[in-house]
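Visitor: I'm new to this structure and would like a close look at a single part of it. Could you walk me through the aromatic rings and what surrounds them?

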Amino acid sequence: MGFMYIFLVACTVTVTWATIYDIPFRSCRGIPGPSAIKVNCSSFERETCTLTKGQTYSIWANFTPQINVNAVQSSVAWKTWVEMPLPGQDADGCNGYLECPLAQNTPTTFTYPLQIQNFWMRRRYPIVWRLKDANTDIKILCFTFKILIT
Ligand SMILES: *[C@@H]1O[C@H](CO)[C@@H](O)[C@H](O)[C@H]1NC(C)=O
């Protein structure tokens, strides 16, 4: 009986975590964009992914590199009137977030755990994500999407 109860609770938690949303995104001018962006948002309303402070969310970006790349630099910023980098993010895209090296014309997925820090402002803002070849600075992926931090 006790075992059954634990089993059911475990299943419920798994289902809650499995809510992964297809996120509307924009590409950036002149830079290759993704084919899909997915995030396990807390909720998804009015085209905006809600993220709760203290939680970690997975960002999945499917894309097809147009060149071969050995080392990838990742950056993510709030896109307000000036861009402000999200503090504390790992810039090494090959540090487990991608299968490096990237091969030209071979679809791949960038998977990044985004931890929502308690000191980030509670509001709605677009963020912009960029991946570039760390050796040549060639831009390989860029996209923006809206998040709401609560
Ligand atoms: C989102 O998914 C990641 C990886 O699957 C998991 O570690 C994380 O806890 C999930 N976040 C939420 C809020 O469910």
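Guide: Let's start with Leu-131, which lies in strand 10; strands here are DSSP runs of E with at least two residues, and helices are runs of H or I with at least four, numbered from the N terminus. Leu-131 is buried, as its relative accessible area is 2%. Buried means under 20% relative accessible area, exposed means over 50%, and partly exposed is in between, with a 1.4 Å probe and protein chains only. The C-alpha atom of Leu-131 is separated by 4.6 Å from that of Ser-74, although the two residues are 57 apart along the chain.

A word on where this comes from: the model is predicted, so local features need pLDDT of at least 70 and side-chain atom pairs count only at pLDDT 80 or more, while totals for chains, interfaces and linings use all residues. Residues are numbered from 1 along each chain as its sequence is written, and side-chain values use heavy atoms, with hydrogens and water left out.

Now for the rings. The structure holds 10 aromatic pairs. Rings of Phe, Tyr and Trp (its six-membered ring) pair if their centres lie within 6.5 Å; planes under 30 degrees apart count as stacked, over 60 as edge-to-face, and the rest as tilted. One of the pairs is Tyr-97 with Tyr-112, a tilted one with 4.8 Å from centre to centre and 55° between the planes. Tyr-97 sits in the loop between strand 8 (83–85) and strand 9 (108–115), and Tyr-112 is in strand 9, so this pair ties together parts that are 15 residues apart in sequence. Tyr-97 counts as buried because its relative accessibility is 13%. Tyr-112 is buried too, with a relative accessible area of 3%.

Next comes a stacked pair, Trp-129 and Phe-143, with 6.3 Å centre to centre and 20° between the planes. Trp-129 belongs to strand 10 (residues 124–133) and Phe-143 to strand 11 (residues 139–149), so the pair ties together parts 14 residues apart in sequence. Both Trp-129 and Phe-143 are buried.
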